[in-house]
Each structure stands twice: as structure tokens, then as C-alpha cells.
Amino acid sequence: MSKLSTSELRGYQQICGKNGAMLVIACDQRGGMRTLLASDPQQQASISEQQLGLIKADITQYLASKASCVLVDPVCAVPQLVDDGIISRDTALLIGLDASGWDNTPEGYRLSRLAKGVDARRVRELGATGGKIMVYLRSDQPEANKHNIEILHKCIKDFSNEDLLLVVEFLTYKLDSETDEEYKAKVPELIYGGTQICLDAGSKVLKLPYPGSKQACAAITKLAGDVPWAVLSAGVDHETFLKQVEDAMSTGASGVIAGRSLWKDCISLDHNTTKSKLETVAVPRLKELQAVIQQYYKAVQKGKSASTEQVEHV
């Protein structure tokens, strides 16, 4: 397993709360955020990067300020969050490296893309605590992953050379040849296999989809070993996500990186509406999320430490 350097560990500590668990508010979406703001494709296309940046600023100010960290894209949200004094000095900052969307191959495989001109040095220049890279993986289709694994290796090496924290995320996806039922049955295996690919590439902190069950979460924790992993929300409803977080945290996950499940029905092109809903809807959801994390994190981590000590003693 790849071990965090002193500098990377310091960055990891900063994206965690006082209890030691990750609680990162993700708002690095662009296309997905436009879809939430307007149903008509023409209206979506008319929403500017500046408008998205203002919404991300609201999420940072009114929601992420009550968490440990915010994850934003490098296109809409920075450097304004820092330069305009929007982000609290106590809120860590992660910047996503992945470009919005993907390219398709004739076989239906998704090819991930990087945002132009954004590398580890640029992330540091923007005042961030670290970066985040997301790639698409189908661990059961090796030929689908070559391009995306190359991206992983490139980014991990770049951030290692810069001695800067990098969170690695992957998502799976359904092939055109699969039914919804066939794909759903494969999800636990795909997430387990994708996690292995990311670990083999040298990932030191992971952001992972919910693998389908408490037992599958336990398998991910065992596979990851000392590499901390956070569960992502994937836009599911809040109550569903709370149960997923409970499964993950009770079996050894190190936290949560959540976005749409908290704010998807709170954002608007009207600042006052966004502010009001973030304060009255998203913040109470965040407090419920914090309660679940607090309930399980310290006890589970203490149990893992005790287990390690027993093995070393033997």
C-alpha cells in the first residue's frame, strides 16, 4: 500500500474534521449542476461558468463552512473562493482535475478527460489543500481502462513529485449491451475491482461509490488496508445516503465526500433562494450526516488499531 508523506498527511488531516473523519462537500460538477438548474437543454447551455461559480460560492459559504472541506472544479470556482474571502480559513480546499463529461469509444467505453492546464503545481498555486482526480473504470473489461489508468498514473506521479495530497475517485458505468438488472448485479464486483486498480496505481486516499451492501463495504475496507476511503453520494436521496454512510462507516470507511444528496434540491440561479434552502434544508441534512459519522468513526478506528496491535504483539 502507498503511504502518505508528511506533507500529504498534513493535507489529509486538513480535509478531515476534528474527529479525524473526512467530511467533504463536493460541488465540482458542471454539467450535472446545469441539469439540476434547468430541464431544457437550451436553458442548460445558457447557464454560464460565472453563474455556476456564484452557486458554488454559496455552497461553500453556507454549507461547506460547517464541514471540513469543499471540493470544487478549477473552471468556475477558483481562484474567486480564495481571492474574494468566501472560503473560511478553517475549511480545506480540494480542486478537481477531471474535465466535465467523457469521450466514447466505438465499443461504448468511457474515456476520462482532464481539465486543461490544471496539474499539481497549478492546484498549489490556487491555494488548495490538494487535488481530486476521477476516472471511469470497468474492471471486468481490461481493454476499456488503458486510457483512464494512464491518466491515473500521470496524476498520481505528478502530485507525488509535488508532494501534494491527491484524492482518487472512480465511477463505474453501464455498457449499452447490458440490461439495468445485469449491470446492477455486477456493481459490487466492479467497485471492488476498480478499487484494486486504483490501489495498484498508487492511490493514497480514495473516494468510492457505495458498493451495494454493508458486507461489500467491509470487503472494500479490508482490500484498502491503511488507505483511507470515503463514500460518495452519487446523487441518491438523503435518507438512502444516510443508510449507505452507516454501512460504510460501521465497517471501517474514513469518511464521506458528498454533494448532490445534500444540495441538489437547494440550488437556484437566484442567490436568495439558494441561500435560504442551503440553510434550511442542506445544513440540517449535513448535521444528520455528521451524527452518523460521529456515531461510528472513532469506535471503528479504535477497534482497527486494537486489532493491529494484537497482530503486532503476536
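Q: Which helix holds Ser250?
A: This is a predicted model, in which local features need pLDDT of at least 70, side-chain atom pairs count only at pLDDT 80 or more, and totals for chains, interfaces and linings use all residues. Residues are numbered from 1 along each chain as its sequence is written, and side-chain values use heavy atoms, with hydrogens and water left out. Helices (H or I, at least four residues) and strands (E, at least two) are DSSP runs, numbered from the N terminus. Ser250 falls in residues 238-250, that is, helix 10.

Q: Which backbone oxygen does the side chain of Ser250 reach?
A: A polar contact is a pair of N or O atoms within 3.5 Å; within protein, one must be able to donate a hydrogen and the other to accept it, and residues adjacent in sequence count only if both atoms are side-chain atoms. For the side chain of Ser250, the distance is 3.2 Å. The oxygen belongs to Asp247.

Q: Which residues does Ser250 contact, leaving aside its neighbours within four places in sequence?
A: Contact means heavy atoms within 4.5 Å. With those neighbours set aside, the partners of Ser250 are Lys214, Tyr296 and Val300.

Q: Is Thr274 buried or exposed?
A: Thr274 sits in helix 12 (residues 271-313). Buried means under 20% relative accessible area, exposed over 50%, and partly exposed in between (1.4 Å probe, protein chains only). Thr274 has a value of 0%, so it is buried.

Q: How far is the backbone nitrogen of Ser268 from a polar atom of the side chain of Thr274?
A: Leaving aside neighbours within four places in sequence, Thr274 is in contact with Asp58, Cys266, Ile267 and Ser268. From the Ser268 backbone nitrogen to the polar side-chain atom of Thr274, the separation is 2.8 Å.

Q: What distance separates the side chains of Thr172 and Tyr183 in their polar contact?
A: Thr172 is in the loop between strand 7 (165-171) and helix 8 (180-200). Its relative accessibility is 14%, so Thr172 counts as buried. Not counting residues up to four places away in sequence, Thr172 touches Leu137, Tyr183, Leu190 and Ile191. The polar contact with the Tyr183 side chain spans 2.5 Å.

Q: How many aromatic pairs does a search of the whole structure find?
A: Rings of Phe, Tyr and Trp (its six-membered ring) pair if their centres lie within 6.5 Å; planes under 30 degrees apart count as stacked, over 60 as edge-to-face and the rest as tilted. The number of such pairs in the whole structure is two.

Q: What type of pair do the rings of Trp102 and Tyr136 form?
A: Their centres are 5.3 Å apart. Their planes meet at 70°, so the pair is edge-to-face.

Q: How many residues apart in sequence are the parts tied together by Trp102 and Tyr136?
A: Trp102 lies in the loop between strand 3 (92-96) and strand 4 (103-104), and Tyr136 in strand 6 (residues 130-136). The pair therefore ties together parts whose separation in residues is 34.

Q: What is the angle between the ring planes of Tyr136 and Tyr173?
A: Their centres lie 6.0 Å apart, and the pair is edge-to-face because the planes are at 85°.

Q: Which residue's charged end sits over the ring of Trp102?
A: A charge sits over a ring if NZ of Lys or CZ of Arg is within 6 Å of the ring centre and within 35 degrees of the ring normal. Trp102, Tyr136 and Tyr173 form one aromatic cluster. The charged end over Trp102 is 3.8 Å from the ring centre, and it belongs to Arg110.

Q: Which peptide bond is cis, with omega about 10°?
A: Pro79 is placed in the loop between strand 2 (69-72) and helix 5 (80-83). The cis bond joins Val78 and Pro79.

Q: What is the phi of Ala234, which is not a glycine?
A: Ala234 is in the loop between strand 9 (229-232) and helix 10. With a relative accessible area of 47%, Ala234 is partly exposed. Its phi is positive, at about 55°.
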